Amino acid sequence: GWIGNLVRQWFFEIQLTNYWDLTGHIQSRSIFTAPINFRTESGEHIEFNIIPNREVLPVDFEVYEGIIIPKGDYTFLSYRAEINTAAYRKAQVDLSYRFGQFYDGHYNDLEGGVTLKLDGYANLQLGANIIRGDLPQGKFSENVYFSRINLYITPDLGISNYIQFDDITNQIGYNGRFFWQIRPGNTIYLVYNNNTERLFDPEKRYRVIEDQVLFKVQMSIRF
């Protein structure tokens, strides 16, 4: 039938996660289910999740500056939809949207990205994560923007770059990594990390709050 012509693989998933305190009382419970999860004949992935949640707050919880959820026992239901185009495409699109109840309010979390692949020598990814929450105590939002640029001189030698900015901390984070795989299992890394804070000061717009260089060697010894 048409389903057999469209679908290559079906996946079924259910995952239960529990957290207890030291006295044995439940603190958090999540049941992750995937009633719809398949890969098409062309390689696209489509998934829909239903996630019952339970959170027991022993004390008031500040979910966002000035927005406090009172202590108590909360049960709420959330949903998630995801679409990923096939990895072999030169332009790959990834979308994920989580929505539904959140404690005694509602929550929306949209994450999307586009990856451009240039003949195996370079990958460019641009994406964003947009969060909106609506609670009786108030509304909150967060926007995260990110970019990833990977350059490959050879399959074993290259440079990866990751940049991220969020409007809560007003920080720009950068991670750069040079890697050289001498042989499978043996790789040398030179890593540079930087966090810069955006200031609302006309005389000094940015301030470096972290600057770090790391040298790593990964070795595999076989007997």
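The model is a predicted one, in which local features need pLDDT of at least 70 and side-chain atom pairs count only at pLDDT 80 or more, while totals for chains, interfaces and linings use all residues. Residues are numbered from 1 along each chain as its sequence is written, and side-chain values use heavy atoms, with hydrogens and water left out.

Switch to a cartoon. The chain has one helix and 15 strands (DSSP runs numbered from the N terminus: helices are H or I with at least four residues, strands E with at least two). Its radius of gyration is 22 Å, well over the 17 Å that the globule rule gives for 223 residues, so the chain is more spread out than a compact globule. That radius is taken over C-alpha atoms, and the rule is 2.2 Å times the number of residues to the power 0.38. Along the principal axes, the C-alpha trace spans about 65 × 55 × 45 Å.

Next, select Asn53, Glu55, Phe76, Ser78, Arg98, Phe99, Gly100, Gln101, Phe102, Tyr103 and Tyr107, which line the largest pocket. A pocket is an open set of points on a 1 Å grid over the protein atoms alone where a 1.4 Å probe fits, with protein on both sides within 12 Å along at least five of seven lines; lining residues have an atom within 4 Å of a point. Which strand gives the most to this lining? Colour β8 (91-102): β8 supplies five residues. β4 (45-57) and β7 (72-84) each supply at least two.

Now go to Phe140 in strand β11 (residues 138-154). Phe140 is buried, at 9% relative accessible area (buried means under 20%, with a 1.4 Å probe and protein chains only). Contact means heavy atoms within 4.5 Å.

Stay on β11 and select Asn150. Asn150 is buried too, with a relative accessible area of 12%. Beyond its neighbours within four places in sequence, Asn150 touches Tyr121, Ala122, Asn123, Ile159, Ser160 and Asn161.

Key. Buried means under 20% relative accessible area, exposed over 50%, partly exposed in between (1.4 Å probe, protein chains only).
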